[in-house]
Amino acid sequence: EYDPSKPNDYDEICKRRAREKAEKEMQNRITAEQGKARLRSLGLDPDAPPPKEETVAEKLMKKMGYKEGQGLGKEGQGIAAPVIHQKMGGGQGVVKLGNTAEPPAKRIRPSAPTRILLLTNLVGKGEVDDDLADETAEEAKKYGNLDASGCKVVEVANAPDDQAVRVFLAFRETAGATKALEDMNGRYFGGRVVRARYYSEDRWKQGDLQPAAGE
């Protein structure tokens with residue numbers, strides 16, 4: 001019970017907390033200014049934004065020799081102009097490369113989607129390295145979880161360059177494969193147009209990863 005002869009110290013507590021907060025904020029400002037002064041002494045801009053972390057796709061392109069403003073390929077023949085997606089209405093759109101209109105990649109989708117996605121023309125002959133499977137799997141995780149099989153890369157002998165490397169992604173759920181197909185099919189990557197389609201789960205389980213006759 002409140003006793004007027006013994007007033008509580010609530011007001012004093014509030015004042016002390018406010019004073020401590022102000023002192024802490026002042027100390028933080030002093031520390032921040034000291035840090036900026038240190039950066040300036042090293043010739044660095046303390047207000048510069050932090051360096052942008054490279055995405056998995058950017059790392060893959062750099063590994064293949066990409067330099068900003070130049071095209072990929074032995075002779076630099078890959079596209080260098082920006083790729084622009086222009087909506088046309090009705091859920092459709094076109095992809096434009098610089099000032100040249102490019103039709104969107106043909107959507108290849110069987111009647112029954114599967115958990116397995118096949119990518120072709122992601123890289124060409126002689127462009128497969130030890131990190132391709134892991135880096136592609138890491139990129140695919142944004143669409144859904146992969147199962148234990150993860151990602152497999154298969155090279156096809158005597159195949160055209162755009163069919164010479166088959167990259168398989170095994171998702172846990174069909175929904176993940178569907179999201180990946182919608183986003184990756186027709187995507188420009190390193191001067192190439194990636195093709196994505198569902199793959200037979202039966203053939204996947206049997207380890208039949210080479211193209212069938214007429215495929």
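Which residues touch the most other members of the largest nonpolar core? The views below start there. This is a predicted model, in which local features need pLDDT of at least 70, side-chain atom pairs count only at pLDDT 80 or more, and totals for chains, interfaces and linings use all residues. Residues are numbered from 1 along each chain as its sequence is written, and side-chain values use heavy atoms, with hydrogens and water left out.

**View 1. The largest nonpolar core.** Leu117, Leu119, Leu122, Leu169, Phe171 and Phe189 touch the most other members of this 28-residue core. A nonpolar core is a set of buried Ala, Val, Leu, Ile, Met, Phe, Trp, Tyr and Cys residues joined through side-chain atoms within 4.5 Å. Buried means under 20% relative accessible area, exposed over 50%, and partly exposed in between (1.4 Å probe, protein chains only). At least two core residues come from each of α2 (56-63), β4 (116-120), α3 (132-140), β5 (146-155), β6 (165-171), α4 (174-184) and β9 (195-199). Helices (H or I, at least four residues) and strands (E, at least two) are DSSP runs, numbered from the N terminus. A second, separate core has eight residues, including Ile116, Leu118, Val154 and Leu209. In soluble globular proteins, nonpolar side chains tend to be buried together.

**View 2. Leu117 and Arg197.** Leaving aside residues up to four places away in sequence, Leu117 touches Val167, Phe168, Leu169, Phe171, Ala177, Ala180, Leu181, Ala196, Arg197 and Tyr198. Contact means heavy atoms within 4.5 Å. Arg197 sits in strand β9. Arg197 counts as partly exposed, at 22% relative accessibility. Leu117 and Arg197 lie 80 residues apart in sequence, yet 5.7 Å apart in space, C-alpha to C-alpha.

**View 3. Helix α2 against helix α3.** The two axes come within 9 Å and cross at roughly 155 degrees. That makes α2 roughly antiparallel to α3, a label for angles over 145 degrees. Axes are lines fitted to C-alpha atoms, for helices over the stretch in contact, and angles run from 0 to 180 degrees between N-to-C directions. From α2, the contact uses Val56, Ala57, Leu60 and Lys63; from α3, Leu132, Glu135, Glu138 and Glu139. By class, this contact has four nonpolar, no polar and four charged residues. Here Ala, Val, Leu, Ile, Met, Phe, Trp, Tyr, Cys and Pro count as nonpolar, Asp, Glu, Lys and Arg as charged, and the others, Gly among them, as polar.

**View 4. Helix α3 and its cover.** Seven of the nine α3 residues are buried, so the helix is largely enclosed by the rest of the structure. They are Leu132, Ala133, Glu135, Thr136, Ala137, Glu139 and Ala140. Their cover includes α2, β4, β5 and β6.

View 5. Thr120 belongs to strand β4. Thr120 counts as buried, at 7% relative accessibility. Beyond residues up to four places away in sequence, Thr120 touches Asp162, Gln163, Val165, Arg166, Val193, Val194 and Arg195. Asn121 lies in the loop between β4 and α3. Asn121 is also buried, at 11% relative accessibility. Phi of Asn121 is near 65 degrees, a positive value in a residue other than glycine.

**View 6. Asn158 in its loop.** Asn158 is placed in the loop between β5 and β6. Asn158 is exposed, with a relative accessible area of 82%. Phi of Asn158 is near 60 degrees, again positive in a residue other than glycine.

Conventions: Parallel < 35°, antiparallel > 145°, perpendicular 65-115°, else oblique.
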